[in-house]
Amino acid sequence: MSDSQQHIQVVDNPSQREVVEQYLNQVPADSEISAARIAELQAQIKAQLIAKNAVIIAHYYTDPLIQSLAEETGGTVSDSLEMARFGNNHSAQTLVVAGVKFMGETAKILTPDKRVLMPTLEATCSLDVGCPADEFAAFCDQHPDRTVVVYANTSAAVKARADWVVTSSIALDVLDYLDSQGEKILWAPDKYLGAYVQKNTGADMLIWDGSCIVHEEFKAKGILDLKKVYPDAAVLVHPESPESVVDIADWVGSTSQLIAAAAKLPQQQMIVATDQGIFYKMQQAVPDKELLIAPTGGNGATCRSCANCPWMGMNDLENLLACLEQGSNEVSVDQTIGEQAMVSLGRMMNFKSA
Ligand code: SF4
């Protein structure tokens, strides 16, 4: 065992998986709408955005129909860090966040004077669900000597308990910095991203046992089998994937970093291990390249979450229009929690200029 491995300890918390399964079973099946209805909804949403001085902030994993509408109307399609920055800097008084709950909460914490709406408030994330604030606070209390770093995919209350928030795009840089300062880390909630960061920084990390139900299902064997068919393809992997998948990657990175890598790498085919929603923007970046979905399967694969986040999929044009028309699904964050969470979020937002 190497020195760095001696410092990693994953906290086993099997009950979290059951909680996640309960949420997953509530997610409705996809429904299809006609091209005429799509055009009608798009026109109505555009009119509402103008009337309500609103802008759409969409994540890469949402429906391409939402992503294209965000682009057409002056909004953004981006990762969670850039979503936060965009909402913070944009002049619109209403932010429509198409993504999952923690993204809406983050927008509200950063811009408490703006109205933040979401197409649905039911869209959560297995990492958020698997890290309840009270259990997490108790865990932190047991380790007062550690600096608490949490992934952006957490509730406002968990962020309020943390010293730092990070996204996957800056996790390595922040942990490198904290390690250089001699800090010992308590990391939550993604155990795979935590292990990846620990391996690459050598930081002393105690890691919560959470995972993303989408990335957890990518299988190294399936990717290697696909490589036999496409031997020249590059393998692009999000670090929320298991270590065995990360180990066979040509490139590991956040969503934005994977899109940039697709353009930068010379290969003409890309096997992509992250949510399929990313293909909309990735194909824009590499129109002449072939994008292949990394296989999922094996024990634990439900195929309700195979390369397709069920919670991101709850956002659609119908509920996006409804929230604008009715001013419904407004995100609220307790003021005290919001102010506390602003400390850890502020460190993340200011990190590049630190
Ligand atoms: S893809 Fe995974 S990490 Fe992202 S929102 Fe869905 S469950 Fe959470």
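1. Which residues of α3 meet which residues of α16? In this predicted model, the α3 side consists of I38, L41, Q42, Q44, I45, Q48 and L49, and the α16 side of L317, E318, L320, L321, L324 and E325. Sorted by class, this contact has eight nonpolar, three polar and two charged residues.

2. The geometry of that pair is as follows. Helix α3 covers residues 35–51 and helix α16 covers residues 317–326; their axes come within 10 Å and cross at roughly 30 degrees. Angles under 35 degrees count as roughly parallel, so α3 is roughly parallel to α16. The crossing of α3 past α16 is left-handed.

3. The next pair is α5 with α6. Helix α5 spans residues 80–89 and helix α6 spans residues 101–110, with axes that come within 9 Å and cross at roughly 35 degrees. This crossing is right-handed. From α5, the contact takes S80, M83, A84, G87 and N88; from α6, it takes M103, T106, A107 and L110. The class count for α5 with α6 is five nonpolar, four polar and no charged residues.

4. Helix α6 also packs on helix α17 (residues 335–350), at an angle of about 95 degrees and with the axes 9 Å apart. The range 65 to 115 degrees counts as roughly perpendicular, and α6 is therefore roughly perpendicular to α17. On the α6 side the residues are T106, I109 and L110, and these meet G338, A341, M342 and L345 of α17. Here the contact has five nonpolar, two polar and no charged residues. T106 and L110 are named in the contact with α5 and again in the contact with α17.

5. The peptide bond that joins A188 and P189 is cis, with omega about -5 degrees. P189 sits in the loop between β8 (185–188) and α11 (191–201).

6. N53 belongs to the loop between α3 and β2 (54–59). The helix on one side of this loop, α3, is the one that meets α16 through residues including I38, L41 and I45.

Note on methods: Residues numbered from 1 in each chain as written. Predicted model: local features only at pLDDT ≥ 70, side-chain atom pairs only at ≥ 80, totals over all residues. Axes fitted to C-alpha atoms, helices over the stretch in contact; angles between N-to-C directions. Helix = DSSP H or I, 4+ residues; strand = E, 2+ residues; numbered from the N terminus. Parallel < 35°, antiparallel > 145°, perpendicular 65-115°, else oblique. Left-handed = near helix turned anticlockwise from the far one by under 90°. Contact = placed C-beta atoms within 7 Å. Nonpolar A, V, L, I, M, F, W, Y, C, P; charged D, E, K, R; others polar.
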